[in-house]
Amino acid sequence: MKKNILMPLALVGCLALLSAMPGDTTMTRQGDTTIVNTTELGKTVRGYRGTTPLKIHIKGDKIVKVEALPNKETPQYFQKIKTQLLKKWNGVSVKKVATKKVDAITGATISSNAVKKNVELGVKYYNEHK
């Protein structure tokens, strides 16, 4: 009799644990825009002083904007990336991201390359999970 009770209780316990776990926040929707967060996708992609996570906003299979998330890069150099580099993907089709040539920002080459890699990872994830 005890065996018959233990299995359902174990199953209920497992389901309770799973429901308490946070949901996947890598790809979310906001209206008709899909937002890909590269925090987890790019956790091994290093800029000059650490990771360079992004939020990539995609609508109709085109990038609307790329937004930098908090990071440890040198602020004065990363500001150039925010104002000059991130907007280069605006309006670009997700199919063309991998082949689009985007130049690094002078003085912030390592951080620029990390950002470019994060955009590629985010768009690849989007294409695989949309």
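## Packing of α2 and α3

In this predicted model, helix α2 (residues 75-85) and helix α3 (residues 109-129) have axes that come within 10 Å and cross at roughly 50 degrees, where axes are lines fitted to C-alpha atoms, for helices over the stretch in contact, and angles run from 0 to 180 degrees between N-to-C directions. The two helices are therefore oblique to each other, given that angles under 35 degrees count as roughly parallel, over 145 as roughly antiparallel, 65 to 115 as roughly perpendicular and the rest as oblique. The crossing of α2 and α3 is right-handed, a term used if the near helix is turned clockwise from the far one by less than a right angle, with anticlockwise giving left-handed.

On the α2 side, Phe78, Ile81 and Leu85 meet Ser111, Ser112 and Val115 of α3, contact being taken as heavy atoms within 4.5 Å. The residues of this contact divide into four nonpolar, two polar and no charged; here Ala, Val, Leu, Ile, Met, Phe, Trp, Tyr, Cys and Pro count as nonpolar, Asp, Glu, Lys and Arg as charged, and the others, Gly among them, as polar.

## Basis of the values

Residues are numbered from 1 along each chain as its sequence is written, and side-chain values use heavy atoms, with hydrogens and water left out. Because the model is predicted, local features need pLDDT of at least 70 and side-chain atom pairs count only at pLDDT 80 or more, while totals for chains, interfaces and linings use all residues.

## Chain and core

The chain has three helices and four strands, which run α-β-β-β-β-α-α from the N terminus on; helices (H or I, at least four residues) and strands (E, at least two) are DSSP runs, numbered from the N terminus. Of its 130 residues, 35% count as buried, where buried means under 20% relative accessible area, exposed over 50% and partly exposed in between (1.4 Å probe, protein chains only).

A nonpolar core is a set of buried Ala, Val, Leu, Ile, Met, Phe, Trp, Tyr and Cys residues joined through side-chain atoms within 4.5 Å. In the largest one, which has 23 residues, Ile63, Val66, Ile81, Trp89, Val115 and Val119 touch the most other members. The elements that give two or more residues to this core are β3 (54-59), β4 (62-68), α2 and α3, and its largest share, five residues, comes from α3. Leaving aside neighbours within four places in sequence, Ile63 is in contact with residues including Trp89, Val119 and Val123.

## Positions in the strands and a loop

Valine 36 lies in strand β2 and is buried, with a relative accessible area of 0%. Its C-alpha atom is separated by 7.8 Å from that of valine 123, 87 residues apart along the chain. Threonine 33 is also placed in β2 (residues 33-37) and, at 14% relative accessibility, counts as buried; beyond its neighbours within four places in sequence, threonine 33 is in contact with Thr28, His57, Ile58 and Lys59.

Arginine 29, in strand β1 (residues 27-30), is exposed, with a relative accessible area of 58%. Aspartate 61, in the loop between β3 and β4, counts as partly exposed at 28% relative accessibility. Aspartate 61 has a positive phi of about 60 degrees although it is not a glycine. Most residues other than glycine have a negative phi.
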